[in-house]
Amino acid sequence: MPQPDPSEAPSTPPWRLLLGYVRPYRWTLLLGAVLSLLTGAAGLALPLVARTLIDDLGHDRSITGALLAMSGLVVANAALGALGGYVLRYTAESVVLGARRGLVSHLLRLRISAVDRSEPGDLMARITSDTTLLREVTTDSLVGLGTGGLTLVATLAMMGFVDPVLTGVTLGVVLAAGTVIGVIVPRINRASRRAQDAVGAMGASLERTLGALRTIKASGAEHREEQAVHAAAEESWRQSVRAAKWSALAGNTAGLSMQVAFITVLAVGGARVATGAVDIGTLVAFLLYVFYLMAPIQQVVGAVAQYQTGSAALARIEEARLLPAEPAAEPSPLPRPGAEPAAIAFQDVRFRYDDDLPYVHHGVTFAVPPRGMTAFVGPSGAGKTTVFSLIERFYDPEEGSIELDGRDLTDWEVSALRSAIGYVEQDAPVLSGSLRDNLLLGNPDADDGEVLRALKTTRLDSLVDRLPKGLDTLVGHRGTKLSGGERQRVAIARALLRRPRLLLLDEATSQLDAVNEAALRDTVADVARTTTVLVVAHRLSTVTMADRIVVMDAGRVRAVGTHRELVAGDPLYAELAATQFLAATDDGLKT
Ligand code: ADP
Ligand code: MG
């Protein structure tokens with residue numbers, strides 16, 4: 001399955017994205033940077049004091065003052081360093097939190113069509129793993145570049161002040177090293193991007209594997225799945241090692257350049273001392289500066305290398321943020337559906353799931369008045385589930401219109417539209433959590449009386465009595481496993497608790513035993529007196545009691561009518577009624 005499309009790759013440069021994430025925390029970041037700078041300044045003053053100390057020694061003066069100044073600077077250096085480190089880490093963690101919150105909010109609002117084309121495991125890696133890399137990029141890159149750069153300039157300025165000739169020599173060596181590092185840096189970016197993509201691929205493989213572990217075990221396919229996950233993990237390892245290699249090379253090029261600078265300064269400086277151009281104290285001070293140049297240079301090179309990893313992560317985060325989302329549910333001037341049962345009408349709806357996929361609806365037309373039950377029947381793949389997906393506005397038709405209460409669906413606020421609908425999707429899941437959480441998912445305000453009634457009408461009350469903690473029993477993952485039929489009844493109870501104006505049941509009773517199915521049929525008939533109910537069903541018993549039946553085949557509505565009319569008038573329906581419906585009734589004793 002394709003990932004977020006690289007052709008939609010963010011055109012915003014990574015550094016602007018980074019500044020966007022950092023903006024809310026700019027003042028703490030500034031504070032941290034200032035503290036780091038002060039730390040550097042305290043360190044920077046040390047050679048000057050050292051020079052005074054050596055001078056004092058040479059002229060037999062007391063060194064107490066110089067010693068006190070030195071101790072003060074050392075303590076200030078440590079204290080400011082600790083405080084600055086804390087403030088910076090605090091800021092970086094806040095940046096990670098901000099990015100995670102933004103990304104999660106966006107992903108929960110994704111259009112279903114975008115979800116169809118994404119790997120959940122990879123998206124998860126973008127939220128958990130890629131955002132973590134923003135931590136280092138905030139502290140090490142942004143602050144490192146800022147403070148390291150400033151310290152570098154300040155140190156060079158001090159050096160220029162002490163001896164311009166030796167400074168020129170040092171700069172020459174540093175620039176040569178910079179050129180080499182400039183060649184290395186893009187390789188770090190490429191390897192980092194591949195490493196992070198591999199982490200995403202590993203997430204995707206794992207999600208597939210763990211989500212279907214029973215089938216994988218039953219198929220004896222553990223080894224193959226293992227290899228797929230290992231391959232992704234190894235690719236991430238390979239690329240990370242490659243990035244580390246280039247980073248190390250860049251870091252050591254910087255280190256080496258400083259050693260070379262030290263030796264060169266020693267040689268050139270020694271000659272200058274011999275000719276009397278500078279005194280020995282100046283040379284010592286200068287050599288100390290060369291030594292002090294090491295830290296900011298390493299910091300800047302580290303920042304640049306780290307930024308390459310960070311910008312790969314920023315690009316991956318931004319790709320996920322560019323996936324199309326539904327508009328946020330803000331108060332809108334669009335009308336909210338009223339409390340009356342809804343009328344729904346399809347007019348010449350043409351729809352396909354993607355531009356490169358065949359049409360699934362080739363002009364679907366039908367109209368359902370308020371109240372009553374309408375059954376959708378037809379061979380699998382006819383487009384029945386798609387009808388419900390379009391009503392929920394998970395997708396929008398390419399041509400034609402869908403109207404609710406005579407108004408186009410796009411004229412309703414999406415969240416308001418959905419709040420009017422109770423939808424039991426085909427193979428509706430039970431979420432992990434308590435049974436109560438599952439029931440109240442769509443209506444957290446339902447009171448105990450309503451819950452009790454929903455349990456009774458779906459005949460879940462006896463199940464709740466049997467469960468060790470009743471409604472608070474954990475179900476789903478890491479909880480009591482429910483049978484297929486029980487899951488379906490939980491899903492129906494959940495939908496009923498929304499007090500819907502339109503109830504959509506997609507093969508919602510397919511796994512119920514005959515007794516429970518009959519009970520549910522009565523419940524649905526009861527609901528249909530006050531609510532518009534659309535059902536996709538395969539059981540003759542359910543279909544025959546519908547007020548109208550819509551027969552679909554290959555993306556078209558073949559016929560609409562009652563059971564009696566259709567048996568006489570539509571050959572496909574007559575055949576379905578004779579074979580499929582009856583077969584479904586026969587195996588109606590599963591749970
Ligand atoms: P039914 O519910 O009648 O069995 P569906 O509406 O589920 O049929 O599917 C109709 C057609 O659309 C099928 O050919 C199916 O493969 C295709 N389809 C369903 N969902 C998607 C999707 N998310 N992406 C691409 N194709 C899909
Ligand atoms: Mg279906």
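This is a predicted model: local features need pLDDT of at least 70, side-chain atom pairs count only at pLDDT 80 or more; totals for chains, interfaces and linings use all residues.

Q: How many helices and strands does the protein chain have?
A: Helices (H or I, at least four residues) and strands (E, at least two) are DSSP runs, numbered from the N terminus. Here there are 20 helices and 12 strands.

Q: What radius of gyration does the protein chain have, beside that of a compact globule?
A: The radius is taken over C-alpha atoms, and the globule rule is 2.2 Å times the number of residues to the power 0.38. A compact globule of 591 residues would come near 25 Å; this chain has 35 Å. Its C-alpha trace spans about 120 × 55 × 45 Å along the principal axes.

Q: Into which domains is the chain divided?
A: Domain bounds come from an automatic or database domain assignment. Domain 1 covers 9-204 + 235-321, and domain 2 covers 344-586. Their centres, taken over C-alpha atoms, are separated by 59 Å.

Q: Which residues does UniProt list for "transmembrane region"?
A: UniProt positions are given in the numbering used here, feature names are shortened, and annotations may be inferred rather than shown by experiment. The unreviewed entry lists 27-54, 66-88, 165-185, 246-267 and 273-292. Take residues 66-88: 100% helix, 0% strand, with end C-alpha atoms 32 Å apart. Residues 246-267 are also 100% helix and 0% strand, and their end C-alpha atoms lie 31 Å apart.

Q: Which residues does the annotation "domain: ABC transporter" cover?
A: In the unreviewed UniProt entry, this annotation covers residues 344-579. That span is 35% helix and 25% strand, and its end C-alpha atoms lie 30 Å apart.

Q: Which residues are around ligand 1?
A: A residue counts as near a molecule if its C-beta atom, placed from the backbone, lies within 6 Å of it. The shell is Asp116, Tyr353, Leu357, Val360, Gly378, Ser380, Gly381, Ala382, Gly383, Lys384, Thr385 and Thr386. Helix H10 (residues 384-391) gives the largest share, 3 residues.

Q: Which residues of helix H13 are buried?
A: A residue is buried if 20 or more other C-beta atoms lie within 10 Å of its own, exposed if 12 or fewer, and partly exposed in between, with C-beta atoms placed from the backbone. In H13 (residues 448-457), the buried ones are Val451, Ala454, Leu455 and Thr457. An α-helix has 3.6 residues a turn, so residues three or four places apart point the same way. The cover over the buried residues of H13 includes H12 (435-440), H14 (461-466), H15 (484-496) and H16 (514-527). Just after H13, Arg459 has a positive phi of about 55°.

Q: Where is Asp348 placed, and what is its phi?
A: Asp348 is in strand S1 (residues 344-351). Its phi is near 50°, a positive value in a residue other than glycine. Asp348 is partly exposed, with 13 other C-beta atoms within 10 Å.

Q: And where is Asp427 placed?
A: Asp427 is in the loop between strand S6 (421-424) and strand S7 (433-434). Its phi is near 55°, again positive in a residue other than glycine. Asp427 is partly exposed, with 14 other C-beta atoms within 10 Å.

Notes
Residues are numbered from 1 along each chain as its sequence is written. Chains are lettered from A and ligands numbered from 1 in the order in which they are written. Two residues are in contact if their C-beta atoms, placed from the backbone, lie within 7 Å.
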